[in-house]
Amino acid sequence: MADKENSVDVFEFVPEDCAGILETDNIDNFMHAFSQMAYSSQLDTLHRAGLINDILTDLSQYSSEAAHGLSYQMNYVVMSFHRPYTAMDVVAYFRMGKEGKRQLIEAVKGKYGADFVPKKESYRGKKIEIYPISSTKYLSVYTTDGLVVVSYQKKLIEQVIDAVKDQKSLRDDSVFAAIHQPKAANFITIYGRTSAIPLLSREDCHSWSEYDIHLNSEVFYLSGQMYASSSCMERTLEGIHALPVTEESDSLLVVAGTEKVDSCISRVAASPSHSLFDECVSNLSREACYIMVADMDKVYISPEKYASYLPPFIIRHSDLFRPFILSVQLTEVGNRLSHIFVFTYKD
């Protein structure tokens, strides 16, 4: 059964038009690692929101007494994010069989009460179970061989079934297929249907960016690459080198072109006085083709001013990131862009 579950390709079930993906092989680490960081209280709501809170927060604890319990079965999790990007527009995919599903439902029932009676509906010959968890919120559950799919919205579960029936899943997206590669153990990765920097986006270009999440006590960072077709990448690289320098003292710095980046970092590093903002600049690579450093407190105050430089998620949740200075560097690797987003805690 375990071999069968591990052989399931989750991405054959993910709707092709999803806006983003979170994938991890250690959800327990994602749930608890934040609590050990200096910035844990600031980002607590980020990792305990929506489906993560309702399905995962207490359930692993619920089953931890049993060998090979629910926490073991739920270690590998994929979550897909859909328009219009609210907390309700999420689907969670778990590699588990009937026994895992039974434990999952029993755990949720234990959390929300005994009156957890499902309503059963049929869609294109597949069964969807709908469980009430409050007077206004429901969990829709779809089960197939080796996989359990959960969402707040039945229409998203229907889209999952459509993806399989019509063979229009994320696995059929050639750009995503190129970016999604096997990871080493204990990973947390986010994939976004966007370029790493919005000002580099083009309406006629289809791109994906990956962000591997790494946590340290005072810093967390996202690393990965941006993928698009060759012609799109060529135009993106040309666009980077044409960007003008933008510099505002301890607030925003944008520099493009390797020679300009090298010169800028050398100048800041040689300065006799160093703010934390300057240190963040000095720590960037002189081989980068683009660097940006921004005080997230200033981003929170005037988000529209920074919208073209930062991924939409960071702009939408700038209140969460106020205590950080964000440093970004892009580096040309062949005909691709490698990127690192570093969040340095100010307090």
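Let's start with two strands, E8 (188-192) and E9 (207-215), which pair in the antiparallel sense over 4 bridges. Helices (H or I, at least four residues) and strands (E, at least two) are DSSP runs, numbered from the N terminus, and two strands pair if DSSP finds at least two bridges between them. Across this pairing, tyrosine 191 stands opposite glutamate 210 in E9.

Keep in mind that this is a predicted model: local features need pLDDT of at least 70, side-chain atom pairs count only at pLDDT 80 or more, and totals for chains, interfaces and linings use all residues. Residues are numbered from 1 along each chain as its sequence is written, and side-chain values use heavy atoms, leaving out hydrogens and water.

Now follow E9 onward. A hairpin of 3 residues leads from E9 to E10, and these two strands run antiparallel, joined by 7 bridges. Here serine 209 stands opposite methionine 226 in E10. Because 8 of the 9 residues of E9 are buried, the strand is largely enclosed by the rest of the structure. Buried means under 20% relative accessible area, exposed over 50%, and partly exposed in between (1.4 Å probe, protein chains only).

Next, look for the disulfide (a pair of cysteine sulfur atoms within 2.5 Å). The whole structure has 1, and it joins cysteine 205 to cysteine 232, with 2.3 Å from S to S. Cysteine 205 sits in the loop between E8 and E9, while cysteine 232 is in helix H10 (residues 230-241), so the pair ties together parts that are 27 residues apart in sequence.
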